[in-house]
Amino acid sequence: MLNDCLFCAIPAGEIPSDKVYEDEYVFAFRDINPQAPVHILVVPKVHISCAQEIDENNSIYVAKCFEAIAKIAKAEGLDNGYRIVNNCGADGGQSVMHLHFHLIGGKKFPETII
Ligand code: 5GP
Ligand code: ZN
């Protein structure tokens with residue numbers, strides 16, 4: 001597996017996924033353990049381990065993730081809104097150390113974050 005990283009391997013096609021979107025910068029697929037009716041993981045196609053590793057050399061990939069999120073949300077019919085979650089590091093609850101954004105929707109979330 002490339003870098004021994006799951007979220008490098010999935011966009012490379014080394015591990016199957018339920019793909020919903022792909023472009024030059026971004027790969028998006030359904031979470032294997034969905035927490036809402038729509039739960040999609042949006043990952044950059046370069047290995048960035050977490051949000052703390054975003055810098056001026058790779059931030060274009062982050063911008064492209066958010067451009068993709070807007071397109072995916074429209075395609076998924078999330079016209080009434082949705083939530084974007086990023087877990088960073090151990091205290092942030094990150095379990096896969098490749099930057100990813102959870103796009104979750106299809107239900108009404110509380111106004112509190114957690
Ligand atoms: P984290 O906890 O790092 O923010 O989120 C990792 C997410 O990856 C979890 O929601 C988990 O369900 C999802 N996940 C872990 N392994 C796989 C996998 O092999 N395939 C898919 N589609 N999702 C996975
Ligand atoms: Zn990776």
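Which residue stands opposite Phe 27 in S3? The residue is Val 43. This is a predicted model, in which local features need pLDDT of at least 70 and side-chain atom pairs count only at pLDDT 80 or more, while totals for chains, interfaces and linings use all residues. Residues are numbered from 1 along each chain as its sequence is written, chains are lettered from A and ligands numbered from 1 in the order in which they are written, and side-chain values use heavy atoms, with hydrogens and water left out.

**Strands**

Helices (H or I, at least four residues) and strands (E, at least two) are DSSP runs, numbered from the N terminus. Two strands pair if DSSP finds at least two bridges between them. Strand S1 (residues 19–22) pairs with S2 in the antiparallel sense over three bridges, and the two form a hairpin with three residues between them. Within that pairing, Lys 19 has Phe 29 of S2 as its bridge partner. S2 also pairs with S3, again in the antiparallel sense, over five bridges.

Strand S3 (residues 38–44) is in turn joined to S5 by five bridges, and these strands run antiparallel. Here Val 42 stands opposite Phe 101 in S5. Strand S4 (residues 83–85) is joined to S5 by three bridges, also antiparallel, with Ile 84 opposite Leu 103.

A residue counts as buried under 20% relative accessible area, as exposed over 50%, and as partly exposed in between (1.4 Å probe, protein chains only). By that rule four of the five residues of S2 are buried. In strand S5 (residues 101–105), five of five are buried. Phe 101, Leu 103 and Gly 105 point one way from S5, His 102 and Ile 104 point the other way, and all are buried.

**Ligand 1**

Ligand 1 sits in the largest pocket. A pocket is defined on a 1 Å grid over the protein atoms alone, as an open set of points where a 1.4 Å probe fits, with protein on both sides within 12 Å along at least five of seven lines; a molecule sits in a pocket if more than half of its atoms lie within 2 Å of its grid points. The ligand is surrounded by 16 residues, the closest being Arg 30, Asp 31, Asn 87, Ser 95 and His 102; a residue is near if one of its heavy atoms lies within 4 Å. Helix H1 (6–9) and strand S2 (26–30) each supply at least two residues of this shell.

The table gives polar contacts of the ligand, each a pair of N or O atoms within 3.5 Å.

| Residue and atom | Ligand 1 atom | Distance |
|---|---|---|
| Ile 32, polar backbone atom | nitrogen | 3.3 Å |
| Asn 87, polar side-chain atom | oxygen | 2.8 Å |
| His 100, side-chain N or O atom | oxygen | 2.9 Å |

Taken alone, ligand 1 exposes 520 Å², and the protein buries 81% of that. Accessible areas come from the Shrake-Rupley method with a 1.4 Å probe.

**Two loop asparagines**

Asn 87 lies in the loop between S4 and helix H3 (89–92). With a relative accessible area of 22%, Asn 87 is partly exposed. Its C-alpha atom is separated by 8.2 Å from that of Ala 51, 36 residues apart along the chain.

Asn 58 is found in the loop between S3 and helix H2 (59–75). Asn 58 is classed as buried because its relative accessible area is 13%. Its side chain reaches the backbone oxygen of Glu 53 at 3.1 Å and the backbone nitrogen of Asp 55 at 2.8 Å.

Terms used:
A polar contact is a pair of N or O atoms within 3.5 Å; within protein, one must be able to donate a hydrogen and the other to accept it, and residues adjacent in sequence count only if both atoms are side-chain atoms. On a 1 Å grid over the protein atoms alone, a cavity is a set of points where a 1.4 Å probe fits but cannot get out, and a pocket is an open set with protein on both sides within 12 Å along at least five of seven lines; lining residues have an atom within 4 Å of a point.
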